[in-house]
Each structure stands twice: as structure tokens, then as C-alpha cells.
Amino acid sequence: MENSEPAAKTSKGIASTRKIVVLRWGHRPQRDVRLTTHVALTARALGASGFILSDTVDQKIKETVEKVNRNWGGEFLFEMGKPWKTAVKDWKIQGGIVVHLTAYGENLQASDALKRIRSLKKDILILVGSQKVPKEFYSEEVSDFNVAVGNQPHSECAALAVFLDRFFEGKELTKVFGNAKIAIVPQKRGKKTRVEC
Ligand SMILES: C[S@@+](CC[C@H](N)C(=O)[O-])C[C@H]1O[C@@H](n2cnc3c(N)ncnc32)[C@H](O)[C@@H]1O
């Protein structure tokens with residue numbers, strides 16, 4: 001059922017509803033460290049269950065994401081170095097679908113792409129680029145869907161955030177992250193945290 005999909009509150013709940021993993025392609029170690037880290041943290045915070053930094057290894061990003069996991073909880077998986085073709089192939093063998101986020105794709109608002117994605121009820125690998133992505137990303141062999149968060153070029157971080165929020169219908173924003181050391185106590189003003197046992 002389209003609307004019954006994103007109901008879970010705990011990190012385990014969201015993951016077990018349907019697994020979404022984000023693959024970041026084209027990371028340039030000299031200039032993309034901060035943005036790639038932000039893509040990974042956006043994926044984690046907005047309900048994805050894992051992140052693959054494909055084709056490259058960047059220990060600094062791994063350490064940052066793992067530190068956030070240790071402090072703020074959840075069961076977010078981080079993987080790096082795997083060639084994107086292998087990641088896509090493995091994902092499809094396991095029965096998942098691939099959604100490529102691109103300004104050239106079907107408009108998320110104007111098309112029924114999200115409805116069609118949901119109706120398949122399969123785990124989703126989301127591909128986001130950095131530099132210009134290989135042509136194959138747009139092909140049927142790689143992407144089951146090419147989805148545009150508006151047909152204007154902007155940012156992988158923004159595109160991912162909007163897609164996840166639409167997919168989970170905002171419910172990911174109240175997700176509870178288990179095994180956290182620290183949690184934020186929302187305030188009208190100021191900053192308050194509590195130490196979790
Ligand atoms: C900064 S863009 C660079 C795009 C690159 N110059 C090209 O021509 O393919 C990096 C990534 O952000 C994502 N992106 C940017 N705008 C988007 C949009 N409107 N909808 C969906 N994804 C978008 C895509 O995943 C893209 O690969």
C-alpha cells in the first residue's frame with residue numbers, strides 16, 4: 001500500500017520496512033571530502049540504512065561517519081572502495097532496484113515515479129553523482145528509475161534529502177536512533193542534550 005509504507009519509528013523499523021542504501025559515485029579526494037561526508041550524514045539522518053562510497057577509499061569520511069554512529073546511535077552501515085558496477089550488480093542479484101537521482105530524470109513532483117518505485121516494494125539503491133556520471137547510469141541495465149528533484153541542476157545532498165523525505169513522507173524526521181550515547185532534547189531556544197545509558 002502506497003501510504004502505509006513509511007510508518008516505522010525506530011531505526012530498525014525503518015530499515016525493516018524497506019532498505020535504502022545510497023551509493024555516492026565520483027568522489028574526488030582533493031575536493032569532495034566535506035560534501036561526501038554530508039551526503040553520508042544526510043542519508044543516515046533521513047532514514048537510509050547504509051552508504052557506499054564507490055570506487056575509492058577515504059578513511060577520513062569513514063571515521064567521521066563511524067564517530068557519528070557511535071555518539072548518535074543507529075545501525076547505519078558504511079562501505080567504501082567497491083566498484084560501482086559490482087555494487088549495482090550485487091544489489092540487483094539480491095532483488096533490489098536502483099534509483100538514479102539526476103536533474104535529467106522524471107520529475108519527482110510531476111510524474112508518478114515515486115508511486116511506481118513504491119509499488120515494487122523492493123530495497124532501493126540510490127545513485128548520486130558528484131562530477132559528471134558515466135552514461136551507463138541512465139541505462140535500463142543500471143537504473144530502474146532516473147528521478148529528478150526538479151529539472152534544474154543543484155546538489156546531490158539536496159536531491160537526496162528531498163527524495164528521502166518524500167519517500168518516507170516526513171516520518172524519518174522523528175526516527176529514534178537506538179544505542180546512542182547522546183541525544184538532542186528539542187528546544188524552542190538554546191541547545192540541550194541528554195546522555196543515554
Ligand atoms: C552537482 S551535480 C553534478 C552534475 C554533473 N555536472 C552532470 O552534468 O551530471 C551532482 C549530483 O547531484 C545530483 N543532482 C543534482 N541536481 C539534481 C536534480 N535536480 N535532481 C536529482 N539529482 C540531482 C545528481 O545525482 C548529480 O550527479
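Trainee: Which element gives the most residues to the shell around the ligand?

Mentor: A residue is near a molecule if its C-beta atom, placed from the backbone, lies within 6 Å of it. Strands (E, at least two residues) and helices (H or I, at least four) are DSSP runs, numbered from the N terminus. Here β4 gives the most to that shell, with three residues. This is a predicted model, in which local features need pLDDT of at least 70, side-chain atom pairs count only at pLDDT 80 or more, and totals for chains, interfaces and linings use all residues. Residues are numbered from 1 along each chain as its sequence is written.

Trainee: How many residues surround the ligand?

Mentor: The ligand is surrounded by 17 residues, the closest being L101, A103, G129, E156 and A159. Two or more residues each come from β4 (97-107) and α6 (156-168).

Trainee: At what angle do α2 and α6 pack?

Mentor: Axes are lines fitted to C-alpha atoms, for helices over the stretch in contact, and angles run from 0 to 180 degrees between N-to-C directions. For helix α2 (residues 33-45) and α6 the angle is about 5°, and their axes lie 9 Å apart. Angles under 35 degrees count as roughly parallel, and α2 and α6 are therefore roughly parallel to each other.

Trainee: Which residues make the contact?

Mentor: Two residues are in contact if their C-beta atoms, placed from the backbone, lie within 7 Å. From α2 come L35, H38, V39, T42 and A43, and from α6 come E156, C157, L160 and A161.

Trainee: How many helices and strands has the protein?

Mentor: The protein has six helices and eight strands.

Note on methods. Angles under 35 degrees count as roughly parallel, over 145 as roughly antiparallel, 65 to 115 as roughly perpendicular and the rest as oblique.
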